[in-house]
Amino acid sequence: MRRWPRLRRWLKRIGGSLLLLSIVAVVLDRMYPLPLPDPRDASVLVVARDGTPLRAFPDRQGIWRYPTTPEHVSPLYLQALLTYEDRWFWRHPGVNPVALARAGWQWARYGHIVSGGSTLTMQVARIIDPSAGDDRSIGAKLRQIARALQLEAHLSKRQILIIYLDRAPFGGTIQGVQAASWAYLGKPANQLSHAEAALLAVLPQMPSRLRPDRNAQEARVARDKLLRRMAQLHVWTPAQVADARIEPVVTRRLHQPMLAALLAQRLKDTASGQGTACASGAASMPSPARAVSTASAYSGAPACTQGAGPQRIVTSIDAGLQRTLEARVTSYFANLPARTSAALLVVDNQSLEARAYIGSVAFGDVPRLGHVDMVRAWRSPGSTLKPFLYGLALDDGLIHSESLLVDAPQSFGDYRPGNFDTTFSGPVGAAEALRLSLNVPAVDLLDRVDPVRFYARLANAGVVLKMPRGAKPNLSMILGGDGVTLEDLVGAYTAFHRGGIAGRVRLTPDAPRVERRLLSPGAAWIVKTILDANPRPGTRLDTFEPGNGPRVAWKTGTSYGFRDAWAIGGTRRYTVGVWVGRPDGTPLPGQYGAITALPLFFQVIDSLPRHAGDAVATPTPSGVGSVEICWPLGTAFDPAHPQLCARKMSAWTLDGQVPPTMAERRARLWSAGLQPLRVDAQTGQRLSADCAKPHPVRDTAIARWPALASPWLSAAERAQSALPPLAADCQPDGLGGAVTMQIEGVADHASVARAPNSPHPVRLALRALGAPGTVMWLVNDRLVGQTSGRAPFVHDYPEVGPQTVTAMAETGAWTQVQFRVLR
């Protein structure tokens, strides 16, 4: 009976001791909290959509570390790691008593530590608490044991394993298996072979000595030792181990990934800014609470810590395409002028995700200002906004695809635009005017659409135009008198392949989809069809196409002073934008869109992945029809009146509407269009309302061309649209009151030559007689000057051969002389 009271006393003592130990453990835990890694002091890894690292940012100590989880690491590596370091990891409480007992017996027998008896948890303790020491003393071992028990009390086994996977030393500034796998093997840690898994498993034991880039042979010996153990313990089969031992230890130069460097910097900065606003009071948490909060970073839950962003940022970039295009850009710009940079963006039309993003020719190139991200820079768009204008004019019913426009010198108030090559084409269809990027027709069209409305429509679709300080939307914006970013332009150009719906470019898979309608499906399709009818540079419209390549709709642009060269367009699957210029805004004389940006654009197009169906034409949307139209009226061909059709062509129309040729502006003679007439049925002479004698009357009509188009018409076309002469006995009807102009200073069809033995070219002083107001002078269809009243037009003619000089008044009246310059 006496044993029961004694037993109770022993139980009380044991219970009291356990309680005391628990209290001491809690107190010590509070006094010495776990120094878990701070998520704010983390490396940031930006990866492609398939997980390939694009760029890594070291932590504040300069350590390269790619965050990972057991699910993103090869099972072969986990098998090798646990077999080599700690076979009982999932079962012990942080320390392995058997291993410790063995280590203690060896120490007692040999007088020094033979085996450490460390568990994986103890190694993590040594990683997070350097005070636990790398030495093999008893004191260091006891500190590791205490920290290991503390780790097991606060964290799960998975969380402890994640810390090891992220922070195990692999030599130099490399920590973690994922960073080591990319640095030493050039592949992600989930694609390791048996030999590679064994190599990475042994490296942390002696990371400096076993680095494969420095000591490949020693690394191989350590690897093979582990391989033999894997076979002895029947973790891997003898055949697998035999194959693994044959595999060499490859030595490769260590370098950090640097793809899409400016995009990575942009996303990191954005993520860091969001992290700062995540939780304003996290930094002032008590130590135990902070330990729990920090531990959440290793459980897969987001760590909401002040100033901390995500450790791994997944982008939408295609790593292979990005690598290919960066190499193409580097090669392409080897022969371009100094300080020339570029920007390139490739977007998937369906998802609006960026597949390639190049912000400069070479990141870190100081002369090229390679640190400036030109994808986001404000630059003059040149002519790249014109497709949106033509699409809006189609939707407004102002034009169809072959509406007659006039490319001739015109004034729009105080604004007098010219073409890039200073020549003029006269009457031109809307489709050709867009393909040739003619300026005067575009300004005329914008004037009718309204600049403010055009500006607002683009802004609603995501293209915010930056106007000069104090300026309002005006006619110059269609020729580049504003600013835009490549990113916004590419997002808007996707509308031509997405039924008229533009979208914001998405840089990450989880970015929201922001879409707005820009054009109707029919207008977008017509503009795309116009642009993809443009042949590639160096080919003609009638060049044979095998039909296996995608149709490419493209547009170029050049800003004033050769500061920006653009090429933008795409296929039914991708939209591509290319900008070339100097980030500091200095000119690049002679470099413009068609010769600088367009060749690179097509190199990018040829580098894009090909898919079945790429070459198939996009189906015609409902409401789009093909109609035979006639110039100069612009209306549908009428078989009953063939005399009204000077030129017949096929046009795309919307909703069955065939808009007529737009009315002339400021024409004081007669307006283009259908002119009803009464003529003498026998003589064909024109009759007025007041004739002295009766005439046999016949009603007819003629189709009149716009007055400004007249200098470019053939003699037959001018005769066909000319007014018949008025009958002699009829009073004037006001239709023939045209101003008669004449050029004085050289006879028509004359031959002129320079003075004998003179080094100077032929110089003529010409006057336009009978012209009211301002007169514009064209030499061989190129605008070279203007005069007022009887002021002479003085010009040199250095080239030998035929010359054509045209004088045009603002009213549309004109005259022309032709002569030949002799040697």
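Trainee: Why is the contact between D224 and R220 called a salt bridge?

Mentor: The term requires a side-chain nitrogen of Lys or Arg within 4 Å of a carboxyl oxygen of Asp or Glu. For the side chains of D224 and R220 the N to O distance is 3.9 Å, so the pair meets the rule. The model is predicted, so local features need pLDDT of at least 70 and side-chain atom pairs pLDDT 80 or more, while totals for chains, interfaces and linings use all residues. Residues are numbered from 1 along each chain as its sequence is written, and side-chain values use heavy atoms, without hydrogens or water.

Trainee: Where do D224 and R220 lie?

Mentor: Both belong to helix α9, four residues apart, which is about one turn of the helix. A helix here is a DSSP run of H or I with at least four residues, a strand is a run of E with at least two, and both are numbered from the N terminus. An α-helix has 3.6 residues a turn, so residues three or four places apart point the same way. R220 and D224 are also linked with R223 in a network of salt bridges.

Trainee: How do you know whether D224 is buried or exposed?

Mentor: Buried means under 20% relative accessible area, exposed means over 50%, and partly exposed is in between (1.4 Å probe, protein chains only). D224 has 10%, so it is buried. R220 has 25%, so R220 is partly exposed.

Trainee: How many salt bridges does this rule give?

Mentor: The count is 27. One of them joins E353 and R355, with the closest N and O atoms 2.9 Å apart. E353 is at 12% and therefore counts as buried; R355, at 7%, is buried too. D365 and R368 form another, at 3.4 Å. Here D365 is partly exposed at 23%, whereas R368 is buried at 16%.

Trainee: What makes R87, K225, R228, R229 and R245 a patch of positive charge?

Mentor: Lys and Arg count as positive, Asp and Glu as negative, and His and the chain ends are not counted. A patch takes residues with over 30% relative accessible area and no salt bridge, and joins like charges within 9 Å. The five named residues gather on the surface as such a patch. Helix α9 (residues 216–232) gives the largest share, three residues. K225 is found in α9, and at 52% K225 counts as exposed.

Trainee: Why is helix α14 called largely enclosed?

Mentor: Nine of the 10 residues of α14 (residues 386–395) are buried, so the rest of the structure largely encloses the helix. Among them are K386, P387 and F388.

Trainee: What makes the phi of H234 worth a note?

Mentor: Phi is near 60°, a positive value in a residue other than glycine. H234 is found in the loop between α9 and α10 (238–246) and counts as exposed because its relative accessibility is 71%. H749 also has a positive phi, about 65°, and is not a glycine. The place of H749 is the loop between β19 (742–744) and β20 (750–752), and at 59% H749 counts as exposed.

Trainee: What kind of peptide bond joins W631 and P632?

Mentor: The bond is cis, with omega about 10°. P632 is found in the loop between β15 (624–631) and β16 (647–654).

Notes:
Patch = residues over 30% accessible without salt bridge, like charges linked within 9 Å, V, L, I, M, F, W, Y side chains within 5 Å. Areas by Shrake-Rupley, 256 points an atom, 1.4 Å probe, with all protein chains shown as cover. Charge placed at Lys NZ, Arg CZ, Asp CG, Glu CD.
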